[in-house]
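Welcome! Take a moment to turn the model around on your screen before reading on.

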Amino acid sequence: MTTTNEFFNEVAFAEPIAPKRKVTGSEAVILSLLAEGVDTMFGYPGGAIMPVYDALYNYQDQLKHILVRHEQGAVHAAQGFARVRNEVGVCMATSGPGATNLITGIADAMIDSTPLVCITGQVAEHLLGTDAFQETDILGISMPVTKWNYQVTKAADIPGAIAKAFYLAKSGRPGPVVIDITKNAQFEEVDFEYKKCTGVRSYRPAKKPEYTSLEDAAKLINEAKKPYLLAGHGVLLSGAQELLKEFINKTDIPVASTLLGLSAFDASHPNYVGMLGMHGNYAPNVKTNECDLLIGLGMRFDDRVTGDVSKYAKQAKVIHIEIDPAEIDKIIKADVPIIADASRALEGLIPLVEKRSHSEWIAEFREGDRLEKEKVLDGEFSANTEKVKMAEVVNKLSEMTEGKAIVVTDVGQHQMIGSRYYKFTETDSNVTSGGLGTMGFALPAAIGAKLGQMKREVVAIIGDGGFQMTPQELGTIMQYDIPVKILILNNSFLGMVRQWQQMFFEKRYSFTEMSNPDFIKLADSYSIPAERVTEREQLEEGLQKMIDAKGSFLLEVVVEKETNVFPMIPTGASVSDVLLEAPKA
């Protein structure tokens, strides 16, 4: 272990992994990325980052750069790549508008714990603060939505800054990091050598769980009559899927999933009880207020999960397992907090818990499932409407792909329908914008997901509204011949907003109905095969064509205009008040 240079005196580095040689700062950026194992990145060039792009020209055989059509596409693609590879996603943009166009995706990655390194160009050091052409204070703008950001003004600091960026982005609770590099630093020469970052003073990302806490938790688990586990994104981030299965097989505890936790636990497992939250399944929400022990595993009890916190699980003891100590007691008070990642916590708990059976308790969830089927599912899947329903489409897709595809959803009704009716049977298969709820996310994120997992089927399920926020990325798909499947569920409405207007604003549909372009002609202009399904009888054939396509394919399904998504927990209501149908007027 070597110590640090003068500038990064709080950072520990490993031994050099790249021999020292003199290069420009721009080449140092590329060599640093290669040293971190980056093989794919997403970006859009511009004046202040041109030296790095010039250096990239000589490394195209080692580092694939995907030229997107908008910087927002770059950051969402990097998110999709990171989510399915469980690696750091990388994107790059120029200064000013290029950098600010990354901000939505950076904020999205921050709230959804996605590891990103975002590199931005900046005006030369002597121009900083002069309102120079395309100068923006990207550090000030990105500070609230990054784990760390840093402006490099000297080429000598580039390797150390990038090493620290990768370490921070991936370690602990993952998140985005911004490295802003002035143009003079890109031109300067530096004696380059690369040393990976191994630690940062006062930053302890991999905390080992306290043994006494594990013992306290195990005691509650062993004594509980109605224990209930909520699996979140942290299960996937820590690679705890198999440990969770082992834990559940031993304890026989029912498992529900948060939106971002979908695919962390096999939906066909007998202990899986469905999705939590505002538009989650009925039983997982109601039973939260009937269990005697609630275990939050790698999740943060956000408002879409809890509803009214004053009425949330008041009868239950709570074990909260979470890597980020800031999340402990933030929303729900924990009787036993365990600060650790899900994997380490389960490794410690499994030997301490006893073999149990909770068949009668699980049967209560199944009774809730029966009620949901009677009130919601039977109607969703019946052919009692002229147009196809979103649920029919997703259910058919799930059956035809056997739940094995990577599903990338946008935001809105289709997102909730996709999450409810696609039965994930393989892990790391759900990519969506959970915390920020970013429309326009799915198309570019699907590009990144496909490039991250080329051997798997990737289907982007998108509403007509969300699709029109980033449709220019069809150009990226065309240029690189990326075999992404695009499924547009077109109801000519901003569906979720319309649903709320119907239920809570006396059906005053204020600016939510959309006149859409011809999506088939749009796809054709990008040389992407496309078909439109308007009748129920065409659905299976259309989906089969999409699945069988060797390259990219766009399938538009014209669906019911005014379908509502149930169950639903109205804003501010308790999880016990989850609705299976609209209240009678």
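A residue is called buried when its relative accessible area is under 20%. By that cut-off, 60% of the 585 residues of this protein count as buried. Keep in mind that you are looking at a predicted model.

**The whole protein**
- The chain forms 23 helices and 20 strands.
- Its radius of gyration is 24 Å, close to the 25 Å that the globule rule gives for 585 residues, so the protein is as compact as a globular protein of that length.
- Along the principal axes, the C-alpha atoms fill a box of roughly 70 × 65 × 40 Å.
- Among contacts with a separation of 6 or more, 77% join residues 24 or more positions apart.
- The accessible surface comes to about 22,900 Å², and carbon and sulfur atoms make up 51% of that.

**One sheet to look for**
- Strands of a sheet pair through backbone hydrogen bonds, either parallel or antiparallel.
- Here, 6 strands build an open sheet with parallel pairing, in the order β16-β15-β17-β18-β20-β19.
- β16 (430-431) and β19 (530-533) stand at the edges with a single partner strand each, so one side of each has no neighbour in the sheet.
- Strands β17 (residues 458-463) and β18 (residues 485-490) pair in the parallel sense over 5 bridges, and I462 has I488 in β18 as its bridge partner.
- Helix α17 (residues 413-421) packs on this sheet, touching β15 (406-409), β17 and β18. The direction of α17 makes about 140° with that of β17.

**An annotated region**
- An unreviewed UniProt entry annotates residues 410-557 as "domain: Thiamine pyrophosphate enzyme TPP-binding".
- Over residues 410-557, the chain is 39% helix and 16% strand, with the end C-alpha atoms 16 Å apart.

Conventions. Residues are numbered from 1 along each chain as its sequence is written. This is a predicted model: local features need pLDDT of at least 70, side-chain atom pairs count only at pLDDT 80 or more; totals for chains, interfaces and linings use all residues. Side-chain values use heavy atoms; hydrogens and water are left out. Two strands pair if DSSP finds at least two bridges between them. Helices (H or I, at least four residues) and strands (E, at least two) are DSSP runs, numbered from the N terminus. Contact means heavy atoms within 4.5 Å. Axes are lines fitted to C-alpha atoms, for helices over the stretch in contact, and angles run from 0 to 180 degrees between N-to-C directions. UniProt positions are given in the numbering used here, feature names are shortened, and annotations may be inferred rather than shown by experiment. The radius of gyration is taken over C-alpha atoms; the globule rule is 2.2 Å times the number of residues to the power 0.38. Buried means under 20% relative accessible area, exposed over 50%, partly exposed in between (1.4 Å probe, protein chains only). Accessible areas come from the Shrake-Rupley method with a 1.4 Å probe; for residues, only the protein chains shown count as cover.
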